[in-house]
Amino acid sequence: MVSYARSSRQRLPPQPRRLPIIGNWFQTIDRRWLFSREYDAFDVLEDRASSSSGRPRLILANEILYGGFATSLPVMDHGEVWRRMRRAAQEAFTKVAVQRYHPILTKEATILVSALLTNPEGREQHIQRTAASAIMSISYDYPTLTSGHDKAVQDMDRHVHWVARASARTSPVEFFPWMIHIPKRFAKWKRESLKRAAERSEIFLRLFNRVKTDLVSVGVRPSFSATLIEHHDRYRLSEREMVFLAGQMYGAGFDTTSTTLMWWTLAMVAFPEVQCRAQAELGAVVGRARLPTFADAPRLPYVRAIIREVSRWRPALRLGLPHAAAEDEWYDGMFIPKGATCIANIWHCNHDRAVFSPKETNKEGHVSFGFGRRICVGKNLANDSLFIYTARVLWAANLGCARDENGKERPPDTSAFVDGGITSRPLPYDCIITPRFQEALSILVEERESFQD
Ligand code: HEM
């Protein structure tokens, strides 16, 4: 037995680093394997998707914070409820379906550029407002946000923060699942989590019911919640499942999109020659008399390539989301036991290109949206948002390096980042944002005046 244990251990895939004294004790409880090469991650998480598309059990984040119903799409295990929820989300965000949200994204892009030009110092807040406003409008037909101080958005941010903390799996209940049965009067952590679960349900329900009421009084306006309500028979989703599904889009879409946009801005400042080439493309295709639109996308390959490259270069989720093996697997002579957690080191996979060319299946040229059956459902929406935001910013503005008192350029540090737990954004840096040409400002004003809420 000992020799079997030794021999199979020798053939296990790479695991996270061992700690002094306790070694891999915590990891062996939930058995985590780390894939850092793109072809390994692809083989296990993409090609064997049927046996690796589960999620490890997250007691606090998925069960207790969801009032015992385990209905958080990104963190729930694959099963019947996940399949129904996933289908509804996937169909709502296909390449064609997201076109119904283009007017929202176009409007947000215009507000973003205007804000960057009038108040360049508030760059990060403008980007965050834009991403929050877009995902709230798309999820709930919520009115355009005028600042980051909206009550509903602050509520959502609080909920996202709880889930992120709970997902870190530091609570003892993750290691000793029997603790879930401790009555709440003896467990402060459980009382607090259940209180948050109730508060979160209330936030999601309030937003969802608003859409329901509007459907009757105002009629159908495009939103993810409205799609779920209209097609609830098709997806066989209960009221509770629809409410939770709609509520999770903010957490999944806000931070990821805003982080990517922040890295894109930094890239434009750090690599001015790339910015110039994209602006030359915009000049040739769009000219200076109007703003770029989605109709221009096919003729702006360089603008789109920059988005793909930034997503590869600085992936929003460096370690993606963990998958779990549904059955025992052998891979490349290594044994992956049933229930093991498989983590793809997306950052490393994306930077491994010099040695390992991307597989045919991955036309995107990066793995920042994840793998197999769990691949990001919002990827078309994310790509379309980033296209219109970046095309409009580049059309109207120049993003340049800040200078010191001697006039010397102070380029941003392209590697330093702020670790936000699940995502990581650039370290704050200064940059100069100026209009590219004078008429850009008046065209932006005209465009803003043409929007009705
Ligand atoms: C640049 C932006 C984005 C990036 C980089 C990103 C990345 C990811 C990644 C890496 C995963 C995990 C995939 C896996 O398990 O292998 C994921 C899952 C997910 N994403 Fe995104 N995402 C982005 C935007 C969005 C948006 C805008 C939405 C919402 C409309 C969204 C909704 C989701 C959902 C619901 C899941 C869970 C899917 C499941 O577990 O079945 N994402 N995303």
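1. In this predicted model, the iron atom of the ligand takes a single donor from the protein, the SG atom of Cys 376 at 2.3 Å, where donors are N, O and S atoms within 2.8 Å of the metal (3.2 Å for Na, K and Ca), and water is not among the atoms, so sites may look incomplete. Cys 376 itself sits in the loop that runs between helix H17 (346-350) and helix H18 (379-396); helices (H or I, at least four residues) and strands (E, at least two) are DSSP runs numbered from the N terminus.

2. On conventions, residues are numbered from 1 along each chain as its sequence is written, and side-chain values use heavy atoms, with hydrogens and water left out. Local features need pLDDT of at least 70 and side-chain atom pairs count only at pLDDT 80 or more, whereas totals for chains, interfaces and linings use all residues.

3. The ligand has 25 residues around it, of which Arg 55, Arg 86, His 323, Arg 374 and Cys 376 come nearest, a residue being near if one of its heavy atoms lies within 4 Å. By class, this shell holds 14 nonpolar, eight polar and three charged residues (Ala, Val, Leu, Ile, Met, Phe, Trp, Tyr, Cys and Pro count as nonpolar, Asp, Glu, Lys and Arg as charged, and the others, Gly among them, as polar).

4. An oxygen atom of the ligand is 2.8 Å from a side-chain N or O atom of Arg 55, and an oxygen atom of the ligand is likewise 2.8 Å from a side-chain N or O atom of Arg 86. For Phe 371 it is a backbone N or O atom that lies 2.9 Å from an oxygen atom of the ligand. The elements that give two or more residues to the shell are helix H6 (80-92), helix H14 (239-270) and H18, and H14 supplies the largest share, six residues.

5. Helix H18 also packs against helix H15 (residues 272-285), at an angle of about 90° and with the axes 9 Å apart; axes are lines fitted to C-alpha atoms, for helices over the stretch in contact, and angles run from 0 to 180 degrees between N-to-C directions. H15 and H18 are therefore roughly perpendicular, the word used for 65 to 115 degrees. Gln 275, Ala 278, Gln 279 and Leu 282 of H15 meet Ala 391, Leu 394 and Trp 395 of H18, with contact meaning heavy atoms within 4.5 Å.

Key
Angles under 35 degrees count as roughly parallel, over 145 as roughly antiparallel, 65 to 115 as roughly perpendicular and the rest as oblique. A polar contact is a pair of N or O atoms within 3.5 Å; within protein, one must be able to donate a hydrogen and the other to accept it, and residues adjacent in sequence count only if both atoms are side-chain atoms.
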